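Here is a friendly briefing to read with the model open beside you. Take it one topic at a time, and find each residue as you go.

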Amino acid sequence: MNAVPSLRDATAESPAPVRAVSNALSQWIGQLGAVWVEGQVTQFTRRPGLGTVFLTLRDAVAEVSVQVTCARTLFDSLNPPLVEGASVIVHARPSFYAGNGSLSLAASDIRMVGLGELLARLERRRQLLAAEGLFDPARKRRLPFLPGCVGLVTAPGSAAERDVVEHARRRWPAVRFEMAYAAMQGQRSALEVIEAVERLDRHPDVDVIVVARGGGSVEDLLSFSDEGLIRAVHAVRTPVVSAIGHEPDSPLLDLVADVRASTPTDAAKRVVPDVVEEQRHVVAARDRLRGGVHQLLAREQQLLDSLRSRPVLADPRTLVDERLTEVAALRERTRRSLSHSLDRAADNLDHHRARARALSPLATLQRGYAVLQDDSGQVVASVAGVEAGRAISVRVADGRVLATTTGTESVSDSQETP
Amino acid sequence: MSPSDEQEIPYEQAREELVEVVQKLEAGGLTLEESLALWERGEKLATICQTWLDGARERLERVITADDD
């Protein structure tokens, strides 16, 4: 201190150096004793390899905060572990760090209280139950599409009850509810909710259980993180929907439930389908179904019509007509060929007749010649054998002359006969 | 086959046989007696098919009409 002039003597002409002021501050602050202080940890910095953890401790009400340092060993020994936002009570003494002129509280003890401890305990419980597999997504059951009966665990006459029932009825007017009233807050709450859930689980008609409550503070919702309740919900066979009012810190019930609804209204949406929408689906499906049948019938009818319109079926006369034409043609051919041969025969006849006529002695007779025939019809070509008194017939061109022979004479040269 | 048995022929079977009948008739080469018998068979099959289709359409219409009421 010898080198440093007394701060009281410092003037504008002879000012005190920074170190003198820092030292004085450090001394003075160091003389202040340790104090118990309560506040909220808004953030902390824990760097590996650094022996000190820095925390920002904020006043519960005013916008006032102070830096707190603590040994890493102390910080790490906290059980449950400190989380940001936790309320704590710190035993600390003010400490001035001359290196950068910063003031902090050096903590020798940190205790969690109230909400901070609560959240930390819940977090620890969550980790243990999660490790046991109670929140395993694979264990979640599907909700029935349309429940026969909805079991509702809620406080009698509560807004949550009204929200669930009204919204569910609006979506599906025929929905049935089985009520199981329970205290939804306070000491007996967890026990009553467990009883209600188990009673509904045993009810043969109940296909889904809704646990509904409006929002509230972490403390209000404490019973919905009760380990007994979590295990009971995990054990029931009926699917469970948690509908605890929307909160940043959700109770553990949300994690173990098969479906987590953000609000009671949301739960109503999830447990029953919308009748109007379903109706629309049914109508659309039925239209498609009928359209399909219509199309099939139309296609088959078309096929049948086309088969029936083929000439062989539409006009079976063609089957006979073809043969009729054939028969007519054949008849025509037979007639034609018969008349042809008749014509030929007639021609033949004329020819033969002409020839016969050409060979006939008639022409000769017409020139005046005559043919003699005896009574037996024999042609008489010689006088021999024709005695007088013999009857002969003389054939002339237009008839016969019947005569009796009076006598005969021979002519020596037949050449002279005309 | 008696007429009542004929009504029991399923639609597809009747239709298939009808197609065969038409093909045979169109191919020709049959005696008159045979083709007449085939034609009669074809007529009968076409009637059976039509009866099935009419029945199906009627059932459909009945449901749709009942639904519209």
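A:Cys149 has a relative accessible area of 2%, which is under 20%, so this cysteine counts as buried. B:Cys49 is buried too, because its relative accessibility is 0%. Keep in mind that you are looking at a predicted model.

**Cysteines**
- How many disulfides are there over all chains? The count comes to zero.

**Salt bridges within chain A**
- Over all chains, the count of salt bridges comes to 23.
- One of the pairs to look for joins A:Glu192 to A:Arg188, with 3.2 Å from N to O.
- Is A:Glu192 buried or partly exposed? A:Glu192 has a relative accessibility of 22%, so it counts as partly exposed.

**Salt bridges along a helix of chain B**
- B:Arg57 and B:Asp54 form a salt bridge, and their closest N and O atoms are 3.7 Å apart.
- Where do these two residues sit? Both B:Arg57 and B:Asp54 belong to helix H3 of chain B, which covers residues 32-68.
- B:Arg57 and B:Asp54 are three residues apart, or about one turn of the helix.
- B:Arg57 is partly exposed at 27% relative accessibility, and B:Asp54 is partly exposed at 37%.
- Helix H3 of chain B also holds B:Arg62 and B:Glu58, which are four residues apart, again about one turn of the helix.
- The side chains of B:Arg62 and B:Glu58 meet in a salt bridge, at 3.2 Å from N to O.
- B:Glu58 has a relative accessible area of 48%, so it is partly exposed.

**A network of salt bridges**
- Some salt bridges share partners, and in this way A:Asp374, A:Asp375, A:Glu387 and A:Arg390 are joined into one network.

**Where the chains meet**
- How many residues does each chain bring to the contact? Chain A gives 17 residues and chain B gives 26 residues.
- Between chain A and chain B, about 2,200 Å² of area is buried, and carbon and sulfur atoms give 65% of this area.
- Look for A:Arg290, A:Leu297 and A:Leu313 on the chain A side: they supply 26% of the area that chain A buries against chain B, more than any other three residues.

**Polar links across the interface**
- Two salt bridges are found across the interface of chain A and chain B.
- A:Arg310 forms a salt bridge with B:Glu26, and the closest N and O atoms of this pair are 2.8 Å apart.
- Five residue pairs are in polar contact across the interface of chain A and chain B.

**The chain A side of the interface**
- Which elements give two or more residues to the side of chain A that touches chain B? They are helix H9 (275-308), helix H10 (311-314) and helix H11 (317-359) of chain A.
- H9(A) provides the largest share of this side, with 11 residues.
- By type, the residues on the side of chain A that touches chain B divide into nine nonpolar, two polar and six charged.

Note on methods:
Residues numbered from 1 in each chain as written. Chains lettered and ligands numbered in written order. Predicted model: local features only at pLDDT ≥ 70, side-chain atom pairs only at ≥ 80, totals over all residues. Heavy atoms only, no water. Disulfide = S-S within 2.5 Å. Buried < 20%, exposed > 50% of the residue type's maximum accessible area, 1.4 Å probe, protein only. Salt bridge = Lys/Arg side-chain N within 4 Å of Asp/Glu carboxyl O. Contact = heavy atoms within 4.5 Å. Buried area = accessible area lost by both parts, 1.4 Å probe. Polar contact = N/O pair within 3.5 Å; in protein donor to acceptor, adjacent residues only side chain to side chain. Nonpolar A, V, L, I, M, F, W, Y, C, P; charged D, E, K, R; others polar.
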